[in-house]
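Welcome, and please open the model in your viewer. We will go from stop to stop, selecting a few things at a time.

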Amino acid sequence: MLLKVQDLKVSFATPKRMIPTLHRVSFDLDYGEVLGLVGESGTGKSITGKSILRLLPPNGMITGGKILFKKRDLVGLRESEMRKIRGKEISAVQQDPLSSLNPAFRIKDQMTDILTLHTDMSEKEAEEHVIQLLNQVGIKDARSVINKYPHQLSGGMCQRVMIAIAFSCSPSLVIADEPTTALDVITQALVIELMKRMQEENNTSIIFITHDISLASKICERIAVMHKGEVVEIGKTEEVLFNPKHEYTRLLINSIPKIEKEIRTIFNGVET
Amino acid sequence: MPVSSTYLLRRLLYMIISIIGVSVFGFILFRIVPGDPVLMMVSPTASLEDIEALRHQLGFDRPLYIQYVNWFRDFLSGSFGTSIRYNTDVLELVTSRLPATLELVIVSILVAFVIGVLIGVISAVKSGSWADRILTGFSFLGFSLPHFLWGIVFIVIFGAIAHLLPVSGRIDIDFEVTPITGFILIDSLVSGNLAAFKSALAHIALPAISLALSLIAILHRTLKSSMLDVLGEDYIFTDRMKGLPERKIIFERALRNALIPTITILGVQFTFLMGGSIIIEYIFGWPGMGTLLFTAVQYKDLPLLQGIVMVYALIVVLTNFLVDLTYTIINPKIELR
Ligand SMILES: Nc1ncnc2c1ncn2[C@@H]1O[C@H](COP(=O)(O)OP(=O)(O)O)[C@@H](O)[C@H]1O
Ligand SMILES: [Mg+2]
């Protein structure tokens, strides 16, 4: 077991009072597994992901539960210890690729920093490694791309760069928070494919956060359905889709038009 | 570069019109205020004929528009006329005083920038803490008094009461610094005269800080709010997700983005501080253009007055142009390197 989230509780401080946002979120994740975290927006998926990285917004606070990562409880871990885990053991890909890269720094600077921090590579070695990484995520003219600024690249390119950053230190866990929502349909498919490939090559575990259950079914082995700050159902993707136990899961599936048809094509596609 | 030649042409035209406007306005204004420049020059016992002869010689008896046309013709040929009070070439006089003024203003801006940015960052990072509240209070105080009042407060506290810092002049009279750049801090350093440098530094401290306070307050506020915005951006989350140390994130990754709004402020504030320096120089006996201006007013030295005003106007117009240019270059897409 790589990760075990147990009865996680998160609250936000507002000027008036503490607002409980996550109540008893529990799930676990095996080495090399891809787990979907699915639910409508505002149910606490991103907050769950940020809790695991211990990077909640300043007014957010973990008020209970455990986050056992490699048998170590991340809740209450010192910030200096967390910093050794972030980027090296756990990393993340965010929703908007353009805004998740710093507009005032070259791609090179934003890719070598994590390598020189967590490995004993020199600046030069890191730069060579970055070029390899970019080739790996399908960017061919990597040598010119590293000298560019984010606004000179397309959204799809930026997301490839982000994926390269997230996988660069071969972490055990990548938290992908709606990584394709801001992209057009074709780029979306390419990015999903890329993430799947990177995951398989590195045997990485992924928490794939999305509001789109049909998208989750394309890449996830298991799906956890979240509703109002709780995990209401968790199970194998087929089971959750074809035999949903919870009322809310059924609602979620029914709200997607022609879902049955789409799922059939997916599973047919896998079998052939 | 997103700057077209029509834009440059338009700006050039605008600059010329501003300069001419200021020259006409100044010319008329200085001649309608009471006081006779000729009477200031002659001895109390001079006869009426002598006075009128001098007036004729200086051209003050001619119609105003003729006087202006003559002045403007000289101005175009690069001549600002002769000072009545000092009997020296006005341009020479002004340029000999200009470095002192520029040194004061530039040091003020540097001081304000370093302090303002630092406390802005502290306020943003420790937003809501007691440190933030104290700094915000100081900023408010710094902003609520005009430059010259701060000057007087500092003279009383540091000069009269504590005798900690000199309150007049640029340097102790014992020191001899050969002018190279005209900036006494640089010249004393270049010539290796450390004692002179120390003295000059002590002399510039109070006037520079008096002048810097309002800018510190402005930078503090601007940087706090832009820093808070930047720290909430996704790319800062990315840096934290990587495990980068907070110090690097704040002072390298976030600061460069947060500084962009302050660049334009510095340009506008430069001209504002040029104006503020006039009275600060007067208060601290700083031998720059400001004190020269006071002398010119006092003696109704019209050519000198006009010359000083023209130099101030040229500096302001040129700075505005440069600021706009930097802004147009930076604005569409942020590219600082
Ligand atoms: N900084 C914050 N302050 C207060 N409440 C917040 C903050 N961030 C998120 N929340 C609350 O947490 C809930 C869950 O947010 P989030 O995890 O982003 O939802 P999603 O499932 O769409 O990713 C939201 O409904 C919101 O009310
Ligand atoms: Mg979200």
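In which loop of chain A is A:Ser170 found? Select A:Ser170 and you will land in the loop between helix 6 (155-167) and strand 7 (173-177) of chain A; helices (H or I, at least four residues) and strands (E, at least two) are DSSP runs, numbered from the N terminus.

Before moving on, a word on what you are viewing: this is a predicted model, in which local features need pLDDT of at least 70 and side-chain atom pairs count only at pLDDT 80 or more, while totals for chains, interfaces and linings use all residues. Residues are numbered from 1 along each chain as its sequence is written, chains are lettered from A and ligands numbered from 1 in the order in which they are written, and side-chain values use heavy atoms, with hydrogens and water left out.

**Two backbone stops**

Stay with A:Ser170: its phi is near 45°, a positive value in a residue other than glycine. Most residues other than glycine have a negative phi. Now select A:Lys228, in the loop between strand 9 (222-227) and strand 10 (230-236) of chain A. A:Lys228 is not a glycine, yet has a positive phi of about 50°. A:Lys228 is also exposed, with a relative accessible area of 62% (exposed means over 50%, with a 1.4 Å probe and protein chains only).

**The ligand**

Next, select ligand 1 and show the residues near it, that is, those with a heavy atom within 4 Å. Among them are A:Phe12, A:Thr21, A:Lys45, A:Pro57 and A:Asn59. Then zoom in on the oxygen atoms of ligand 1. A polar side-chain atom of A:Ser46 lies 2.7 Å from one oxygen atom. Backbone N or O atoms also approach oxygen atoms of the ligand, at 3.0 Å for A:Gly44 and 3.2 Å for A:Thr43.

**Where the chains meet**

Finally, colour chains A and B separately. Here 20 residues of chain B are in contact with 29 residues of chain A, contact meaning heavy atoms within 4.5 Å. How many salt bridges does the rule find across this interface? There are 2, each a side-chain nitrogen of Lys or Arg within 4 Å of a carboxyl oxygen of Asp or Glu. One to select is A:Asp113 with B:Arg253, whose closest N and O atoms are 2.8 Å apart. On the chain B side, helix 10 (234-242) and helix 11 (246-258) each give two or more residues. Helix 10 of chain B gives the most, with 8 residues.

Conventions: Buried < 20%, exposed > 50% of the residue type's maximum accessible area, 1.4 Å probe, protein only. Polar contact = N/O pair within 3.5 Å; in protein donor to acceptor, adjacent residues only side chain to side chain.
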